[in-house]
Amino acid sequence: MEDVILKVSNVGKDYILGTVTGETLKDAVRRRKGEADKLHNEKFTALDGVSFEVKKGETLGIIGSNGAGKSTLLKLISRITSPTRGNIYIDGKVASLLEVGTGFHPELTGKENIYLNGAILGMSRKEIDSKLQSIIDFSECEKFIDTPVKRYSSGMYVKLAFSVSAHLDADILIMDEVLAVGDVKFQHKCLDKMREIVAREKRTILYVSHNMESVRRLCSRCIILDHGKIVYDGDTDEACKRYFGNETVKTDSYADYTEYVRPGWLGRDDVRLTRAEYPDRVVEVTDYKPLKLKFDWRVYKPVEKVGIRVEISDSEEHVFASAVFYNLIEGNPGTTGESVINVDLTHVENGQYKTVYTVFCPDQFGESSNIDWVKGLDIVIDREKTDPDKLNWNSSSWGNVSL
Amino acid sequence: MEKTWRTTIGSKPKLWNVDFKEIWQYKSLVWMLFKRNYSLEYKQTILGPFWMIFNVVFNTGVFTLVFGYVGKMASDGVPYFLFCLSGTVVWNLFSSCFYGNTRVLMENSYLFGKVYFPRLIVPLSNLLFCIVRGLLQFMVCAAAWVYFFIRGEIVFTGLKLLGIIPIFLLSAIMGTAIGLILSALTVKYRDFNHLTSVAMSALMYISPMLYPTSQLPSILKNVVYLNPMSSFIEDFRYCLTGTGGIYIPGTIYGVVFTIVVTILGLIMYGRAEKSFIDIV
């Protein structure tokens, strides 16, 4: 218990959609009276029931697609805005770098900006005095330090800004993708500096990034946020696998999708696949019989005429064939069920293929409106050649499908 | 088992959340922001702060010409230039403290949205900046006083002179506090933005900055004293030149008003700072 430095307990944050005061006088009165349900504005829940603890010296990565609530969480922890529900307990000094060069003013010189920015970030004057030379050296801007930063190139500007941040003395550092500054050389320098801070000074870091490489290098633990909720909390490698999806969650004959993180572009969540399975437990297709595939699903919003599409792609993820199955899923919220489909692979030649399962609903124009999208089980086809007169199939030149 | 945390961020805003200890820790930021304000205003100017002196002298000169020379306005036996100048110095202090802070939340939202520090730091540094500017303008007033004293047109008021210090501070604090209240209101209702300049010029004309209250019929006099700055302006003038007088009920009203708006301002600002970033 002693070494927990940050505790987030059941935190939620609502935003009001639409303009806040652009509504009518009637709305303003209703808001005062607490009749929130009659308002024109809707609420949007950016974070809901988020709880976690961070120990001293831990580097926690926070990943999630756009709009998952990462930045909101950081804003709450760094006290920029307050939560709607729940509490956050902090034991130590927090420095947040949600942006490089906060408070930099173009009219002031480099040196003046170092002092101003440092003071804004909570450094005392003495502290800055003692670190000034080191900050200037790190920024590689020694020559221009007495020039107003409005005459700086944008690269010099961010270098100087990051240098100040890198010299902060806080117990908890909060960083929102600030490492993506400067040229490649400087980026590496920044990352090295961050790692040095973590390793040597045992500081706690909360780090948000979309850059998998830097998350992997820096963080020992990761949280995945999805639609304002924590869907995963644990080991970085596992989190990267789940979030960045460079490896699917499949085992050989089944895949569990209950905790699968859906891609951010997926707009709808009416139906979710919970499991996919080869019911015959075969992993390899060796004959011309259709491949049997069983899906478990769960309905969250009333739907009808929902189908599933199995998209088959080669090892480079070029989709070359799809099998479409209509009218498999319907029902009201809460309905669960299973569908068994048979994929005809007669024309697909030998090879190992990746698949994607898309749950869709046809719209009135005959276009597919995608409801769910998960990476599927691999299909491995390895048929013995039965007819000696036939050619040996050459997939690399002729493609994967024989007509 | 239960751990004591240094900071707790809760969902319910406290009514009073001014943390003086924390503000003290950030004192260097007050100074840095002060320096920023200063250099922003006078970077790339040759005369620098002399511009504010020039402004005051020029404005007072015009007022003296129009009201004192042409309009033959009474001034309780003090040269009109000094009469007007002393009023202007106090009023300018009040109004610059006020204007400096009416938009403090909106103008600094880029800062407040990215990093945490006690939000009162910015109005404090504005206050400091305005006081320094006020002192510079007072120097002009003092120079004019010396000039008229040498010419024998006014008398030395002795210890009363010290009275200008509390009046100076009270005016600055009152301006800042009203500014804070408005900045909290403006976040949500920008109507107040449009109201301020009208209200301020109205207040200026219903204060004894340009004329002595002794000239007014008693009904109008009471209206003028409704403006909490009125008695401060007269008190300031009395302490400096010994003319006019201290209107005790008006002064008490001014002091009480200042205390009330200061408390109200701190509360409203403290509440607004918690969530305004979601609204701006």
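**View 1. Domains of chain A in the predicted model.** The domain assignment, automatic or from a database, divides chain A into domain 1 (4-240) and domain 2 (254-398). The centres of domain 1 and domain 2 of chain A, taken over C-alpha atoms, are 41 Å apart. This is a predicted model: local features need pLDDT of at least 70, side-chain atom pairs count only at pLDDT 80 or more, and totals for chains, interfaces and linings use all residues. Residues are numbered from 1 along each chain as its sequence is written, and chains are lettered from A and ligands numbered from 1 in the order in which they are written.

**View 2. Fold of chain B.** Chain B has 12 helices and one strand; helices (H or I, at least four residues) and strands (E, at least two) are DSSP runs, numbered from the N terminus. Along the sequence the order is β-α-α-α-α-α-α-α-α-α-α-α-α. The radius of gyration of chain B, 21 Å, is close to the 19 Å that the globule rule gives for 280 residues, so chain B is as compact as a globular protein of that length. The radius is taken over C-alpha atoms, and the rule is 2.2 Å times the number of residues to the power 0.38. Along the principal axes, the C-alpha atoms of chain B fill a box of roughly 75 × 45 × 35 Å.

**View 3. Contact between chains A and B.** The contact takes 36 residues from chain A and 31 residues from chain B, where two residues are in contact if their C-beta atoms, placed from the backbone, lie within 7 Å. Strand 4 (85-90) and helix 3 (110-120) of chain A each supply at least two residues of the side of chain A that touches chain B. The largest share of that side, six residues, comes from strand 4 of chain A.

**View 4. Strand pairing across the two chains.** Strand 4 of chain A and strand 1 (residues 7-9) of chain B run antiparallel and are joined by three bridges; strands pair if DSSP finds at least two bridges between them. Ile88(A) stands opposite Ile9(B) in strand 1 of chain B.

**View 5. Surroundings of Tyr207(A).** Leaving aside neighbours within four places in sequence, Tyr207(A) is in contact with Thr59(A), Gly61(A), Ile62(A), Met175(A), Val215(A), Leu218(A) and Cys219(A).
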